[in-house]
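Q: How do I read pockets and burial from a set of atoms? Show me on a real case.

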Amino acid sequence: MKLEALPQCSGEAIYTNDVPPLNDEVFCAFVHGTVVGAEVEQIDASEALKIPGVIAFYSAKDIPGTNSFVYKPLGFTDDEPVFAQKINHHYQPIGVIVAESNYLANKAAEKVKVMYSRAEKQVKATLKDAIESEDT
(Lines give C-alpha, C1' and ligand atoms only; values in the text may rest on other atoms or scores of the structure.)
Protein backbone atom coordinates (compact mmCIF):
# COMPACT_ATOMS: atom_id res chain seq x y z
CA MET A 1 0.00 0.00 0.00
CA LYS A 2 1.16 3.50 -0.81
CA LEU A 3 2.46 5.24 2.32
CA GLU A 4 0.42 8.41 1.72
CA ALA A 5 -2.83 6.60 0.84
CA LEU A 6 -4.57 6.74 4.23
CA PRO A 7 -3.94 10.45 4.99
CA GLN A 8 -4.88 11.37 1.41
CA CYS A 9 -8.10 9.34 1.39
CA SER A 10 -9.15 10.43 4.88
CA GLY A 11 -8.65 14.13 4.17
CA GLU A 12 -5.87 14.46 6.74
CA ALA A 13 -3.14 15.21 4.19
CA ILE A 14 -2.20 18.86 3.94
CA TYR A 15 -1.70 20.28 0.45
CA THR A 16 -0.23 23.60 -0.63
CA ASN A 17 -3.67 25.12 -1.23
CA ASP A 18 -4.73 24.12 2.29
CA VAL A 19 -2.13 26.37 3.91
CA PRO A 20 -3.23 29.97 4.56
CA PRO A 21 -1.24 32.53 2.53
CA LEU A 22 1.65 34.28 4.22
CA ASN A 23 2.12 38.05 4.33
CA ASP A 24 3.66 39.28 1.07
CA GLU A 25 3.36 35.83 -0.51
CA VAL A 26 3.63 35.85 -4.31
CA PHE A 27 2.31 33.48 -6.93
CA CYS A 28 3.78 32.36 -10.23
CA ALA A 29 2.39 31.18 -13.55
CA PHE A 30 4.39 29.75 -16.42
CA VAL A 31 4.35 31.21 -19.90
CA HIS A 32 4.43 28.22 -22.24
CA GLY A 33 5.82 27.64 -25.70
CA THR A 34 3.28 26.52 -28.28
CA VAL A 35 5.27 26.11 -31.51
CA VAL A 36 7.35 22.94 -31.32
CA GLY A 37 10.67 23.14 -33.13
CA ALA A 38 10.69 26.94 -33.11
CA GLU A 39 13.16 29.20 -31.39
CA VAL A 40 11.96 31.95 -29.09
CA GLU A 41 12.88 35.10 -30.99
CA GLN A 42 11.35 37.69 -28.67
CA ILE A 43 9.18 37.81 -25.56
CA ASP A 44 7.04 40.87 -24.87
CA ALA A 45 5.69 40.91 -21.33
CA SER A 46 4.90 44.64 -21.33
CA GLU A 47 1.08 44.21 -21.36
CA ALA A 48 1.25 41.71 -18.51
CA LEU A 49 3.51 43.96 -16.46
CA LYS A 50 1.02 46.85 -16.74
CA ILE A 51 -1.59 44.90 -14.75
CA PRO A 52 -1.75 46.14 -11.13
CA GLY A 53 -0.46 43.42 -8.83
CA VAL A 54 1.89 41.88 -11.40
CA ILE A 55 5.41 42.07 -9.99
CA ALA A 56 7.81 40.63 -12.56
CA PHE A 57 8.47 38.42 -15.56
CA TYR A 58 11.52 36.14 -15.80
CA SER A 59 12.87 34.17 -18.76
CA ALA A 60 16.10 32.42 -19.78
CA LYS A 61 17.96 35.72 -20.12
CA ASP A 62 17.36 36.40 -16.41
CA ILE A 63 19.08 33.21 -15.22
CA PRO A 64 22.71 33.76 -14.27
CA GLY A 65 25.08 31.00 -15.31
CA THR A 66 23.73 27.89 -16.99
CA ASN A 67 20.01 27.81 -17.77
CA SER A 68 19.58 24.22 -16.52
CA PHE A 69 18.03 22.48 -13.56
CA VAL A 70 20.10 19.30 -13.98
CA TYR A 71 22.40 18.48 -11.08
CA LYS A 72 25.43 16.98 -12.82
CA PRO A 73 27.20 15.54 -9.72
CA LEU A 74 24.42 12.91 -9.67
CA GLY A 75 25.67 11.61 -13.01
CA PHE A 76 23.30 13.41 -15.38
CA THR A 77 25.11 14.69 -18.46
CA ASP A 78 22.54 16.58 -20.54
CA ASP A 79 21.31 20.02 -19.60
CA GLU A 80 17.57 20.57 -19.29
CA PRO A 81 16.60 24.24 -19.55
CA VAL A 82 14.67 25.96 -16.80
CA PHE A 83 13.19 28.24 -19.48
CA ALA A 84 13.38 27.04 -23.07
CA GLN A 85 14.83 29.12 -25.87
CA LYS A 86 14.08 26.38 -28.42
CA ILE A 87 10.72 24.67 -27.97
CA ASN A 88 11.23 20.91 -27.91
CA HIS A 89 7.76 19.93 -26.71
CA HIS A 90 4.34 21.54 -26.49
CA TYR A 91 3.77 23.71 -23.41
CA GLN A 92 7.46 23.84 -22.49
CA PRO A 93 8.00 26.73 -20.02
CA ILE A 94 9.70 29.77 -21.55
CA GLY A 95 9.15 32.17 -18.68
CA VAL A 96 7.26 32.88 -15.48
CA ILE A 97 5.04 35.72 -14.29
CA VAL A 98 5.15 36.71 -10.62
CA ALA A 99 2.06 38.37 -9.14
CA GLU A 100 0.20 39.07 -5.92
CA SER A 101 -2.42 36.36 -6.54
CA ASN A 102 -2.72 33.10 -8.41
CA TYR A 103 -5.54 34.53 -10.51
CA LEU A 104 -3.47 37.59 -11.50
CA ALA A 105 -0.42 35.47 -12.35
CA ASN A 106 -2.42 33.23 -14.67
CA LYS A 107 -4.26 36.12 -16.35
CA ALA A 108 -1.00 38.02 -16.86
CA ALA A 109 0.73 34.93 -18.31
CA GLU A 110 -1.95 34.87 -21.03
CA LYS A 111 -1.00 38.46 -21.99
CA VAL A 112 2.67 37.68 -22.68
CA LYS A 113 3.37 37.75 -26.41
CA VAL A 114 5.93 35.33 -27.82
CA MET A 115 7.46 35.70 -31.27
CA TYR A 116 9.05 32.61 -32.80
CA SER A 117 11.55 32.06 -35.59
CA ARG A 118 12.21 28.95 -37.62
CA ALA A 119 8.81 27.58 -36.70
CA GLU A 120 8.00 24.13 -37.94
CA LYS A 121 4.36 23.16 -37.41
CA GLN A 122 1.82 24.45 -34.92
CA VAL A 123 0.98 21.63 -32.54
CA LYS A 124 -2.60 20.39 -32.46
CA ALA A 125 -2.93 20.35 -28.68
CA THR A 126 -6.36 18.75 -28.49
CA LEU A 127 -8.28 16.18 -30.48
CA LYS A 128 -10.67 18.95 -31.52
CA ASP A 129 -7.71 20.97 -32.90
CA ALA A 130 -6.56 17.97 -34.93
CA ILE A 131 -10.05 17.23 -36.33
CA GLU A 132 -10.60 20.87 -37.33
CA SER A 133 -7.15 21.14 -38.91
CA GLU A 134 -6.62 21.25 -42.65
CA ASP A 135 -3.37 19.29 -42.20
CA THR A 136 -3.20 15.61 -43.05
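A: First, the ground rules. This is a predicted model: local features need pLDDT of at least 70, side-chain atom pairs count only at pLDDT 80 or more, and totals for chains, interfaces and linings use all residues. Residues are numbered from 1 along each chain as its sequence is written, and side-chain values use heavy atoms, without hydrogens and water.

Q: What is the volume of the largest pocket, and which residues line it?

A: Rolling a probe the size of a water molecule over the atoms shows where empty space is left. A pocket is an open set of points on a 1 Å grid over the protein atoms alone, where a 1.4 Å probe fits, with protein on both sides within 12 Å along at least five of seven lines; lining residues have an atom within 4 Å of a point. Here the volume is about 240 Å³. The lining includes Phe30, His32, His90, Asn106, Glu110 and Tyr116. Strand β1 gives the largest share, four residues. By class, the lining has seven nonpolar, four polar and one charged.

Q: What about the second largest pocket?

A: It holds about 170 Å³ of space. Among its lining residues are Thr16, Pro20, Pro21, Glu25 and Asn102. Five are nonpolar, three polar and one charged.

Q: Is Ser59 buried or exposed?

A: Buried means under 20% relative accessible area, with a 1.4 Å probe and protein chains only. Ser59 has 5% relative accessibility, so it counts as buried. Ser59 sits in strand β3 (residues 54-59).

Q: Which residues does Ser59 contact, leaving aside neighbours within four places in sequence?

A: Contact means heavy atoms within 4.5 Å. Ser59 touches Ile43, Phe83, Ile94 and Gly95.

How values were computed. Helix = DSSP H or I, 4+ residues; strand = E, 2+ residues; numbered from the N terminus. Buried < 20%, exposed > 50% of the residue type's maximum accessible area, 1.4 Å probe, protein only. Points joined across faces, edges and corners; volume = space filled by probe spheres on them. Nonpolar A, V, L, I, M, F, W, Y, C, P; charged D, E, K, R; others polar.
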